[in-house]
Amino acid sequence: MTETDNAPELDPTPPQGEKTSGLRQAVDFGGLLAFGLAFLVLRLRGMSGDEALVNATWALVAGSAVAVVVGLVVEKRLALMPLLVGGFALVFGLLTLLTGDGLWVKIKITALNGGLAVALLGGYLLHKQPLKALLGTVIPINDRAWRTLTLRYGLYFLAVAIVNEAVRSEALVAMVTPRIGLGHLDPADVWVSFRGVLWIVSSVFGLSQLPLIMGNLTSADKPVDPMAPAGPDTAP
């Protein structure tokens, strides 16, 4: 969920709203899936984890570019959240390709989610509603619900940033995996697996906010986009 106090309000018909949400989710998942499959194929061909991660980033960059274009064409504007997610993915993906260092694509999750956490939690403490400004579509709920969602998503993004820092740490992975019976796993394999799990967790977290949304609607005339809250971690 996300859009700032003065963001323009969209009022599409419900069918169009559902199509927009479905297409956006399909594009986001498609980019992540292409990245995961490319990494898997390269690993099966014998490429090292770090090298496969860098080469698979081509799929990530392409998926991010497509997501930004689709958002612009379908929604007829550059909504802030998809633009942020796609922009970060493109910048950090290109840095990964140019430097040949997979660290950049890993740090992207920390940078984006950490930045969003600071913005949302800071806005919450200042009694603002920054979450409204990040949404591609407006959800018609009351201010109390917006405040609750701002806090929940701020804490969620903060948790994602912290966990990502732990999972991307090669030293921590090397220390923990043998102790839990997984042997010495390639850190790149662990991180890419984490990306897949994160997509599922993000979707479940977004759906878990539906009771709050449905219980605080202020208008029955506007569509509710239940997947709009999906965090940046769901995009490529």
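I take contact to mean heavy atoms within 4.5 Å of each other.

**Ground rules**

I note that this is a predicted model, in which local features need pLDDT of at least 70 and side-chain atom pairs count only at pLDDT 80 or more, while totals for chains, interfaces and linings use all residues. Residues are numbered from 1 along each chain as its sequence is written, and side-chain values use heavy atoms, with hydrogens and water left out.

**Entry 1: the chain as a whole**

I looked up the secondary structure, counting DSSP runs numbered from the N terminus: helices are H or I of at least four residues, strands are E of at least two. The chain has eight helices and zero strands. For burial I used relative accessible area with a 1.4 Å probe and protein chains only: buried is under 20%, exposed is over 50%, and partly exposed lies in between. Of the 236 residues, 46% count as buried. The accessible surface comes to about 11,100 Å², and carbon and sulfur atoms hold 70% of that surface. These areas come from the Shrake-Rupley method with a 1.4 Å probe; for residues, only the protein chains shown count as cover. I also looked up how far along the chain the contacts reach: among those between residues at least 6 apart in sequence, 76% join residues at least 24 apart.

**Entry 2: helix α3**

I checked the length of α3, which covers residues 80–99. Its 20 residues should span 28 Å at 1.5 Å a residue, and the end C-alpha atoms are 28 Å apart, which agrees. The expected span is 1.5 Å times one less than the number of residues.

I then listed the buried residues of α3: Met 81, Val 85, Gly 86, Ala 89, Phe 92, Gly 93, Thr 96 and Leu 97. Seen down the axis of α3, the buried residues fall within an arc of 150°, so they line one face of the helix. The arc is taken from the directions from the helix axis to the C-beta atoms. An α-helix has 3.6 residues a turn, so residues three or four places apart point the same way. After α3 comes Gly 100, with a positive phi near 70°.

**Entry 3: Gly 93**

Gly 93 counts as buried because its relative accessibility is 0%. Which residues does Gly 93 contact, leaving aside its neighbours within four places in sequence? I found Thr 57, Val 61 and Phe 88. I also recorded that the C-alpha atoms of Gly 93 and Val 105 are separated by 5.6 Å, the two residues being twelve apart along the chain.

**Entry 4: aromatic pairs**

I searched the whole structure and recorded seven aromatic pairs. In the pair Tyr 153 and Tyr 156, the ring centres are 6.4 Å apart and the planes stand at 75°, so the pair is edge-to-face. The rule takes rings of Phe, Tyr and Trp (its six-membered ring) with centres within 6.5 Å; planes under 30 degrees apart are stacked, those over 60 edge-to-face, and the rest tilted.

Tyr 153 and Tyr 156 are three residues apart in helix α5, so about one helical turn separates them. Both Tyr 153 and Tyr 156 are buried. The rings of Tyr 156 and Phe 205 have centres 4.4 Å apart and planes at 10°, so that pair is stacked. Tyr 156 lies in α5 and Phe 205 in α7 (residues 187–208), so the pair ties together parts 49 residues apart in sequence. I noted that Tyr 153, Tyr 156, Phe 157 and Phe 205 form one aromatic cluster.

I also looked at Arg 147, whose charged end sits over the ring of Tyr 124, 3.8 Å from the ring centre. The criterion is NZ of Lys or CZ of Arg within 6 Å of the ring centre and within 35 degrees of the ring normal.

**Entry 5: Asn 164**

I located Asn 164 in helix α5. Is Asn 164 buried or exposed? Asn 164 is buried, with a relative accessible area of 0%. Beyond its neighbours within four places in sequence, Asn 164 is in contact with Lys 106, Ile 109, Thr 110, Trp 191 and Phe 194.

I found Arg 43 in helix α1 (residues 14–44). Arg 43 is partly exposed, with a relative accessible area of 26%. Not counting residues up to four places away in sequence, Arg 43 touches Ser 48, Gly 49, Ala 52, Asp 186 and Asp 189. Arg 43 and Asp 189 are 146 residues apart in sequence and 8.9 Å apart in space, C-alpha to C-alpha.

His 127 counts as exposed at 62% relative accessibility. Its phi is near 60°, a positive value in a residue other than glycine.
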